[in-house]
Amino acid sequence: MNEQQGMTLIVKTITRIILWMIFLYGIYIILHGHLTPGGGFGGGVIIALGFLSIMLAYGRSGVDEWLNIKFLHDLETSSVLLFLIVGILGIALGGAFLANFINHGSLFHLLSAGTIPVLNILIGIKVALSLFLVVIVLAHMHIGEGGQS
Amino acid sequence: MPTETWLIFILIFMILGSITALELKDILSSIISIGIVGLGVSVAFLFMQAPDLAIVQFLFEIFAMIILLRAFLKKDYHQESTSRLNWLLSGVTIIVLIAIFLFSISVFNALPPFGQPLLTTAEHYIAHGAAETGAANLVASVILDYRAYDTLGEITVLFTAILGSLTILRIQSQRKKEGSESS
(Lines give C-alpha, C1' and ligand atoms only; values in the text may rest on other atoms or scores of the structure.)
Protein backbone atom coordinates (compact mmCIF):
# COMPACT_ATOMS: atom_id res chain seq x y z
CA MET A 1 0.00 0.00 0.00
CA ASN A 2 1.16 3.54 -0.69
CA GLU A 3 1.51 6.39 1.80
CA GLN A 4 -1.85 6.83 3.51
CA GLN A 5 -2.13 10.44 4.58
CA GLY A 6 -5.90 10.39 4.14
CA MET A 7 -8.10 12.38 1.79
CA THR A 8 -8.38 16.11 1.04
CA LEU A 9 -9.07 18.89 3.55
CA ILE A 10 -12.75 19.10 2.51
CA VAL A 11 -13.36 15.44 3.30
CA LYS A 12 -11.49 15.69 6.62
CA THR A 13 -13.46 18.75 7.78
CA ILE A 14 -16.84 17.29 6.82
CA THR A 15 -15.93 14.00 8.53
CA ARG A 16 -15.06 15.92 11.70
CA ILE A 17 -18.47 17.64 11.64
CA ILE A 18 -20.57 14.61 10.71
CA LEU A 19 -18.82 12.04 12.94
CA TRP A 20 -20.60 13.09 16.14
CA MET A 21 -23.98 12.92 14.43
CA ILE A 22 -23.22 9.35 13.30
CA PHE A 23 -22.22 8.39 16.85
CA LEU A 24 -25.31 10.09 18.28
CA TYR A 25 -27.57 8.21 15.86
CA GLY A 26 -25.91 4.90 16.75
CA ILE A 27 -26.26 5.56 20.48
CA TYR A 28 -29.92 6.51 19.94
CA ILE A 29 -30.56 3.26 18.06
CA ILE A 30 -28.87 1.23 20.83
CA LEU A 31 -30.65 2.98 23.73
CA HIS A 32 -34.07 2.71 22.06
CA GLY A 33 -33.50 -0.93 21.05
CA HIS A 34 -36.38 -2.17 23.20
CA LEU A 35 -38.82 0.44 21.81
CA THR A 36 -38.06 0.91 18.11
CA PRO A 37 -36.47 -1.24 15.36
CA GLY A 38 -32.73 -1.56 15.67
CA GLY A 39 -31.03 -2.54 18.86
CA GLY A 40 -27.51 -3.50 19.79
CA PHE A 41 -26.47 -5.01 16.49
CA GLY A 42 -27.75 -2.26 14.21
CA GLY A 43 -26.54 0.58 16.42
CA GLY A 44 -23.18 -1.12 16.88
CA VAL A 45 -22.66 -1.33 13.12
CA ILE A 46 -23.54 2.39 12.79
CA ILE A 47 -20.88 3.30 15.39
CA ALA A 48 -18.38 0.99 13.68
CA LEU A 49 -19.07 2.79 10.38
CA GLY A 50 -18.42 6.08 12.17
CA PHE A 51 -15.00 4.80 13.30
CA LEU A 52 -14.43 3.52 9.77
CA SER A 53 -15.09 7.00 8.36
CA ILE A 54 -12.25 8.35 10.57
CA MET A 55 -10.03 5.70 9.10
CA LEU A 56 -11.03 6.37 5.49
CA ALA A 57 -10.67 10.15 5.80
CA TYR A 58 -7.56 10.44 7.97
CA GLY A 59 -5.69 7.27 7.02
CA ARG A 60 -4.20 4.64 9.25
CA SER A 61 -1.78 7.00 11.02
CA GLY A 62 -4.68 9.25 12.05
CA VAL A 63 -6.42 6.32 13.71
CA ASP A 64 -3.25 5.37 15.57
CA GLU A 65 -2.94 8.96 16.82
CA TRP A 66 -6.56 9.48 17.82
CA LEU A 67 -7.52 6.16 19.32
CA ASN A 68 -5.89 3.82 21.79
CA ILE A 69 -6.34 0.45 20.09
CA LYS A 70 -5.28 -1.53 23.16
CA PHE A 71 -7.90 0.24 25.29
CA LEU A 72 -10.58 -0.44 22.66
CA HIS A 73 -9.66 -4.12 22.68
CA ASP A 74 -9.86 -4.24 26.48
CA LEU A 75 -13.27 -2.50 26.43
CA GLU A 76 -14.54 -4.91 23.78
CA THR A 77 -13.39 -7.95 25.76
CA SER A 78 -14.81 -6.67 29.03
CA SER A 79 -18.26 -6.20 27.47
CA VAL A 80 -18.45 -10.00 27.04
CA LEU A 81 -17.51 -10.41 30.70
CA LEU A 82 -20.22 -7.93 31.75
CA PHE A 83 -22.77 -9.84 29.65
CA LEU A 84 -21.86 -13.01 31.53
CA ILE A 85 -22.05 -11.17 34.88
CA VAL A 86 -25.59 -9.99 34.04
CA GLY A 87 -26.43 -13.62 33.20
CA ILE A 88 -25.04 -14.91 36.49
CA LEU A 89 -26.88 -12.16 38.42
CA GLY A 90 -29.97 -13.60 36.72
CA ILE A 91 -29.24 -16.93 38.40
CA ALA A 92 -28.88 -15.25 41.79
CA LEU A 93 -31.83 -12.86 41.61
CA GLY A 94 -34.21 -14.28 38.99
CA GLY A 95 -33.82 -18.02 39.28
CA ALA A 96 -32.42 -18.77 35.80
CA PHE A 97 -29.40 -17.91 33.66
CA LEU A 98 -29.96 -14.52 31.93
CA ALA A 99 -33.32 -14.14 33.66
CA ASN A 100 -34.94 -10.70 33.47
CA PHE A 101 -34.56 -9.79 37.13
CA ILE A 102 -34.96 -5.97 37.07
CA ASN A 103 -38.45 -4.47 37.43
CA HIS A 104 -40.10 -4.33 33.99
CA GLY A 105 -41.57 -0.85 34.38
CA SER A 106 -44.35 0.41 32.16
CA LEU A 107 -44.57 -0.30 28.44
CA PHE A 108 -43.18 2.27 25.91
CA HIS A 109 -41.00 4.01 28.51
CA LEU A 110 -37.26 4.47 28.01
CA LEU A 111 -36.45 2.92 31.38
CA SER A 112 -38.41 -0.29 31.04
CA ALA A 113 -38.00 -3.94 30.07
CA GLY A 114 -35.57 -4.85 32.85
CA THR A 115 -32.22 -6.19 31.65
CA ILE A 116 -32.95 -5.79 27.91
CA PRO A 117 -31.54 -2.22 27.60
CA VAL A 118 -28.44 -3.20 29.62
CA LEU A 119 -27.75 -6.17 27.36
CA ASN A 120 -28.44 -3.98 24.30
CA ILE A 121 -25.78 -1.48 25.39
CA LEU A 122 -23.24 -4.26 26.01
CA ILE A 123 -23.95 -5.83 22.60
CA GLY A 124 -23.66 -2.40 20.97
CA ILE A 125 -20.19 -1.81 22.49
CA LYS A 126 -19.14 -5.31 21.51
CA VAL A 127 -20.30 -5.16 17.88
CA ALA A 128 -19.00 -1.62 17.26
CA LEU A 129 -15.52 -2.23 18.60
CA SER A 130 -15.08 -5.72 17.18
CA LEU A 131 -16.07 -4.68 13.63
CA PHE A 132 -13.72 -1.71 13.85
CA LEU A 133 -10.88 -3.96 15.08
CA VAL A 134 -11.51 -6.28 12.12
CA VAL A 135 -10.99 -3.32 9.78
CA ILE A 136 -7.80 -2.30 11.60
CA VAL A 137 -6.43 -5.85 11.37
CA LEU A 138 -7.28 -6.00 7.65
CA ALA A 139 -5.58 -2.64 7.05
CA HIS A 140 -2.41 -3.77 8.83
CA MET A 141 -2.21 -7.16 7.17
CA HIS A 142 -1.39 -6.31 3.52
CA ILE A 143 -3.66 -8.95 2.02
CA GLY A 144 -2.13 -9.27 -1.44
CA GLU A 145 1.52 -9.41 -0.40
CA GLY A 146 1.07 -12.24 2.07
CA GLY A 147 0.07 -14.69 -0.63
CA GLN A 148 2.98 -13.95 -2.92
CA SER A 149 5.83 -14.26 -0.40
CA MET B 1 -49.94 -6.35 -5.49
CA PRO B 2 -49.46 -9.07 -2.85
CA THR B 3 -46.13 -9.41 -1.07
CA GLU B 4 -45.26 -12.62 -2.89
CA THR B 5 -45.24 -10.87 -6.29
CA TRP B 6 -42.88 -8.21 -4.99
CA LEU B 7 -40.62 -10.89 -3.51
CA ILE B 8 -40.42 -12.75 -6.83
CA PHE B 9 -39.59 -9.45 -8.56
CA ILE B 10 -36.81 -8.72 -6.02
CA LEU B 11 -35.44 -12.26 -6.38
CA ILE B 12 -35.20 -11.92 -10.18
CA PHE B 13 -33.47 -8.56 -9.67
CA MET B 14 -30.94 -10.16 -7.28
CA ILE B 15 -30.22 -13.07 -9.65
CA LEU B 16 -29.65 -10.63 -12.52
CA GLY B 17 -27.32 -8.59 -10.30
CA SER B 18 -25.21 -11.61 -9.35
CA ILE B 19 -24.98 -12.78 -12.98
CA THR B 20 -23.82 -9.27 -13.94
CA ALA B 21 -21.22 -9.37 -11.14
CA LEU B 22 -19.88 -12.66 -12.50
CA GLU B 23 -19.71 -11.54 -16.11
CA LEU B 24 -18.29 -8.02 -15.75
CA LYS B 25 -14.59 -7.57 -16.56
CA ASP B 26 -14.02 -4.48 -14.39
CA ILE B 27 -13.54 -5.36 -10.71
CA LEU B 28 -15.07 -2.09 -9.39
CA SER B 29 -18.30 -2.55 -11.35
CA SER B 30 -18.37 -6.18 -10.28
CA ILE B 31 -18.18 -5.29 -6.56
CA ILE B 32 -20.94 -2.70 -7.01
CA SER B 33 -23.13 -5.35 -8.69
CA ILE B 34 -22.61 -7.65 -5.70
CA GLY B 35 -24.13 -4.86 -3.61
CA ILE B 36 -27.42 -5.31 -5.51
CA VAL B 37 -27.87 -8.68 -3.77
CA GLY B 38 -27.60 -7.18 -0.29
CA LEU B 39 -29.88 -4.29 -1.22
CA GLY B 40 -32.45 -6.79 -2.55
CA VAL B 41 -32.32 -8.80 0.68
CA SER B 42 -32.86 -5.73 2.85
CA VAL B 43 -35.77 -4.50 0.66
CA ALA B 44 -37.28 -7.99 0.88
CA PHE B 45 -37.04 -7.82 4.70
CA LEU B 46 -38.85 -4.48 4.57
CA PHE B 47 -41.65 -6.01 2.49
CA MET B 48 -41.96 -8.85 5.00
CA GLN B 49 -42.30 -6.23 7.80
CA ALA B 50 -38.97 -6.93 9.52
CA PRO B 51 -37.36 -3.47 9.84
CA ASP B 52 -34.84 -4.69 12.45
CA LEU B 53 -33.34 -7.17 10.02
CA ALA B 54 -33.52 -4.66 7.16
CA ILE B 55 -31.48 -2.09 9.11
CA VAL B 56 -28.81 -4.61 10.12
CA GLN B 57 -28.61 -6.12 6.62
CA PHE B 58 -28.29 -2.72 4.96
CA LEU B 59 -25.55 -1.54 7.34
CA PHE B 60 -23.59 -4.76 7.05
CA GLU B 61 -23.83 -4.45 3.27
CA ILE B 62 -22.21 -0.98 3.42
CA PHE B 63 -19.52 -2.38 5.72
CA ALA B 64 -18.81 -5.35 3.45
CA MET B 65 -18.64 -3.09 0.37
CA ILE B 66 -16.04 -0.84 2.00
CA ILE B 67 -13.94 -3.84 3.07
CA LEU B 68 -14.19 -5.44 -0.40
CA LEU B 69 -13.24 -2.19 -2.13
CA ARG B 70 -10.26 -1.56 0.15
CA ALA B 71 -9.08 -5.14 -0.07
CA PHE B 72 -9.40 -5.84 -3.79
CA LEU B 73 -9.22 -2.57 -5.68
CA LYS B 74 -5.47 -1.99 -5.60
CA LYS B 75 -4.46 -5.61 -6.10
CA ASP B 76 -4.16 -7.44 -9.37
CA TYR B 77 -6.74 -10.04 -8.57
CA HIS B 78 -8.59 -9.66 -11.85
CA GLN B 79 -6.26 -11.71 -14.02
CA GLU B 80 -8.17 -12.95 -17.03
CA SER B 81 -7.87 -16.67 -17.55
CA THR B 82 -9.60 -18.14 -20.58
CA SER B 83 -11.95 -20.62 -18.97
CA ARG B 84 -13.26 -23.23 -21.36
CA LEU B 85 -16.72 -24.63 -20.70
CA ASN B 86 -16.48 -28.21 -19.48
CA TRP B 87 -19.55 -29.72 -21.14
CA LEU B 88 -19.49 -32.97 -19.18
CA LEU B 89 -19.23 -31.28 -15.78
CA SER B 90 -21.88 -28.63 -16.49
CA GLY B 91 -24.21 -31.28 -17.95
CA VAL B 92 -23.91 -33.42 -14.81
CA THR B 93 -24.52 -30.34 -12.62
CA ILE B 94 -27.68 -29.36 -14.51
CA ILE B 95 -29.03 -32.94 -14.40
CA VAL B 96 -28.41 -33.21 -10.64
CA LEU B 97 -30.10 -29.83 -10.01
CA ILE B 98 -33.16 -30.87 -12.07
CA ALA B 99 -33.33 -34.18 -10.17
CA ILE B 100 -33.20 -32.40 -6.79
CA PHE B 101 -35.97 -30.05 -7.96
CA LEU B 102 -38.16 -32.96 -9.10
CA PHE B 103 -37.64 -34.83 -5.85
CA SER B 104 -38.51 -31.77 -3.75
CA ILE B 105 -41.87 -31.00 -5.40
CA SER B 106 -43.66 -33.04 -2.71
CA VAL B 107 -41.89 -30.93 -0.05
CA PHE B 108 -43.20 -27.72 -1.65
CA ASN B 109 -46.74 -29.10 -1.39
CA ALA B 110 -46.25 -29.88 2.30
CA LEU B 111 -45.10 -26.34 3.17
CA PRO B 112 -47.64 -24.10 4.94
CA PRO B 113 -49.04 -21.14 2.96
CA PHE B 114 -47.05 -17.90 2.85
CA GLY B 115 -47.16 -15.82 6.02
CA GLN B 116 -48.62 -18.53 8.24
CA PRO B 117 -46.72 -19.01 11.50
CA LEU B 118 -45.26 -22.46 11.91
CA LEU B 119 -44.49 -22.65 15.61
CA THR B 120 -46.78 -22.50 18.59
CA THR B 121 -43.97 -20.88 20.60
CA ALA B 122 -43.98 -17.96 18.16
CA GLU B 123 -47.71 -17.51 18.78
CA HIS B 124 -47.01 -17.44 22.50
CA TYR B 125 -44.31 -14.76 22.02
CA ILE B 126 -46.65 -12.58 19.93
CA ALA B 127 -49.50 -12.89 22.43
CA HIS B 128 -47.61 -12.50 25.71
CA GLY B 129 -44.23 -10.93 24.75
CA ALA B 130 -45.00 -7.34 25.75
CA ALA B 131 -46.63 -8.32 29.03
CA GLU B 132 -43.93 -10.79 30.11
CA THR B 133 -40.80 -8.79 29.22
CA GLY B 134 -42.01 -5.18 29.21
CA ALA B 135 -40.29 -4.44 25.88
CA ALA B 136 -42.35 -2.70 23.20
CA ASN B 137 -40.13 -4.08 20.43
CA LEU B 138 -40.98 -7.77 20.11
CA VAL B 139 -37.68 -8.62 18.37
CA ALA B 140 -35.69 -7.21 21.31
CA SER B 141 -37.79 -9.19 23.75
CA VAL B 142 -37.10 -12.41 21.82
CA ILE B 143 -33.36 -12.01 21.22
CA LEU B 144 -32.52 -10.59 24.66
CA ASP B 145 -35.05 -12.24 26.96
CA TYR B 146 -36.54 -15.47 25.62
CA ARG B 147 -33.50 -16.41 23.54
CA ALA B 148 -30.73 -14.51 25.33
CA TYR B 149 -28.66 -17.68 25.41
CA ASP B 150 -28.45 -17.58 21.57
CA THR B 151 -27.25 -13.99 21.74
CA LEU B 152 -24.54 -15.03 24.19
CA GLY B 153 -23.43 -17.60 21.61
CA GLU B 154 -23.29 -14.96 18.86
CA ILE B 155 -21.21 -12.69 21.09
CA THR B 156 -18.85 -15.57 21.81
CA VAL B 157 -18.41 -16.14 18.06
CA LEU B 158 -17.53 -12.46 17.53
CA PHE B 159 -15.17 -12.52 20.54
CA THR B 160 -13.31 -15.57 19.24
CA ALA B 161 -13.08 -14.15 15.72
CA ILE B 162 -11.50 -10.90 16.93
CA LEU B 163 -9.13 -12.78 19.23
CA GLY B 164 -8.00 -15.00 16.35
CA SER B 165 -7.45 -12.16 13.89
CA LEU B 166 -5.50 -10.09 16.45
CA THR B 167 -3.33 -13.14 17.16
CA ILE B 168 -2.55 -13.51 13.45
CA LEU B 169 -1.66 -9.82 13.29
CA ARG B 170 0.68 -10.16 16.27
CA ILE B 171 2.42 -13.22 14.75
CA GLN B 172 2.86 -11.38 11.46
CA SER B 173 4.34 -8.26 13.08
CA GLN B 174 6.73 -10.42 15.17
CA ARG B 175 7.88 -12.23 12.03
CA LYS B 176 8.44 -8.91 10.28
CA LYS B 177 10.49 -7.67 13.25
CA GLU B 178 12.65 -10.81 13.20
CA GLY B 179 13.14 -10.51 9.44
CA SER B 180 14.29 -6.89 9.73
CA GLU B 181 16.71 -7.81 12.52
CA SER B 182 18.30 -10.69 10.63
CA SER B 183 18.66 -8.83 7.32
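**Interface of chains A and B**

I looked for salt bridges across the interface of chain B and chain A, and the rule finds zero. I note that this is a predicted model. I then turned to polar contacts: four residue pairs between chain B and chain A qualify, both partners at pLDDT 80 or more.

Which elements of chain B give two or more residues to the side that touches chain A? I listed α3 (51-72), α6 (120-133), α7 (138-146) and α8 (148-182). Helix α8(B) gives the largest share, 16 residues. I sorted the residues on this side of chain B by type: 27 are nonpolar, seven polar and eight charged.

Next I took the contact count. I find 42 residues of chain B in contact with 49 residues of chain A. The two chains bury about 4,200 Å² between them. Of that area, 77% lies on carbon and sulfur atoms. Which residues of chain B lose the most area to chain A? They are B:Phe63, B:Arg70 and B:Leu144, and together they make up 16% of what that side buries.

**A:His34**

I placed A:His34 in the loop between α1 (9-31) and α2 (40-66) of chain A. Is A:His34 buried or exposed? A:His34 counts as buried because its relative accessibility is 0%. I checked what A:His34 touches, leaving out residues up to four places away in sequence.

**B:Val142**

I found B:Val142 in helix α7 of chain B. I set aside its neighbours within four places in sequence; B:Val142 is then in contact with B:Tyr125, B:Arg147 and B:Ala148. I also took the distance from B:Val142 to B:Ile162: they are 20 residues apart in sequence and 26 Å apart in space, C-alpha to C-alpha.

**Helix α3 of chain A**

I followed α3(A) over residues 69-94, which is 26 residues. From first C-alpha to last, this helix reaches 37 Å. That is close to the 38 Å expected at 1.5 Å a residue.

Which residues of α3(A) are buried? I wrote down A:Leu72, A:His73, A:Glu76, A:Ser79, A:Val80, A:Phe83, A:Val86, A:Gly87 and A:Gly90. I kept the helix geometry in mind for reading this list: an α-helix has 3.6 residues a turn, so residues three or four places apart point the same way. Last, I looked just past the end of α3(A), where A:Gly95 takes a positive phi of about 100°.

Note on methods: Residues numbered from 1 in each chain as written. Chains lettered and ligands numbered in written order. Predicted model: local features only at pLDDT ≥ 70, side-chain atom pairs only at ≥ 80, totals over all residues. Heavy atoms only, no water. Helix = DSSP H or I, 4+ residues; strand = E, 2+ residues; numbered from the N terminus. Expected span 1.5 Å × (residues − 1). Buried < 20%, exposed > 50% of the residue type's maximum accessible area, 1.4 Å probe, protein only. Contact = heavy atoms within 4.5 Å. Buried area = accessible area lost by both parts, 1.4 Å probe. Salt bridge = Lys/Arg side-chain N within 4 Å of Asp/Glu carboxyl O. Polar contact = N/O pair within 3.5 Å; in protein donor to acceptor, adjacent residues only side chain to side chain. Nonpolar A, V, L, I, M, F, W, Y, C, P; charged D, E, K, R; others polar.
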